[in-house]
Amino acid sequence: MSQNTQQLMLFCTAVVLFVTACLYGQQNVRVLSDALNHLLQTTTDMEGRLNTTLRISEPIRYSGAEVLHTVRQMTGTAVSVEVDGSVYVIDPLVNRRGTIPVQLAASYRPEFIRSETGELLKIAFWKEASTP
């Protein structure tokens, strides 16, 4: 085998290995990107307005409908939700008739209880007295 043929075969092998490595890297980047997008979407869907609770400057108020939505949204997570001192967990797959005694038009003040590391542990909603 001549010297030129041997060098051409080595070059072709190097090109094939380089292209294979690039395609493998591209596949890994795509898989990691999809996983990150899925995690971001899941986190956004679960937290809703709650992802800004660390930087609240003035207290916000939730309507009764938002309280109901938050209770359903947090079902199955490590975050417990308390409404007027009672803990509620509504799982529509287990009990479709489960209700929470919340007035939809009322205003509720949220309290966010966090661990030392800033992880959200509990959300407590307290009904505000209505002013005529």
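Student: Over how many bridges do S4 and S5 pair?

Tutor: This is a predicted model, in which local features need pLDDT of at least 70 and side-chain atom pairs count only at pLDDT 80 or more, while totals for chains, interfaces and linings use all residues. Residues are numbered from 1 along each chain as its sequence is written, and side-chain values use heavy atoms, with hydrogens and water left out. Strands are DSSP runs of E with at least two residues, helices are runs of H or I with at least four, both numbered from the N terminus, and two strands pair if DSSP finds at least two bridges between them. S4 and S5 pair in the antiparallel sense, and the count of bridges is 7.

Student: Which residue in S5 is the bridge partner of Pro-110?

Tutor: Strand S5 covers residues 120–127, and S4 covers 107–114. The partner of Pro-110 in S5 is Phe-125.

Student: In which sense do S2 and S5 pair?

Tutor: Strand S2 covers residues 80–83 and has 4 bridges to S5. One of the residues involved is Glu-82, whose bridge partner in S5 is Ala-124. The sense of the S2 and S5 pairing is parallel.

Student: Which residue in the turn between S2 and S3 has a positive phi?

Tutor: S2 is joined by 3 bridges to strand S3 (residues 86–88), and the two run antiparallel. Val-83 has Ser-86 as its bridge partner in S3. S2 and S3 form a hairpin with 2 residues between them, and the turn residue with a positive phi, about 50 degrees, is Asp-84.

Student: Which are the edge strands of the open sheet?

Tutor: The open sheet has 5 strands in the order S1-S4-S5-S2-S3, with mixed pairing. Edge strands each pair on one side only, and here they are S1 (62–63) and S3.

Student: Is Pro-101 buried or exposed?

Tutor: Pro-101 is found in the loop between S3 and S4. Buried means under 20% relative accessible area, exposed over 50%, and partly exposed in between (1.4 Å probe, protein chains only). Because its relative accessibility is 62%, Pro-101 counts as exposed.

Student: How many disulfides does the structure hold?

Tutor: A disulfide is a pair of cysteine sulfur atoms within 2.5 Å. Cys-12 is partly exposed at 39% relative accessible area, and Cys-22 is partly exposed at 41%. The number of disulfides in the structure is 0.
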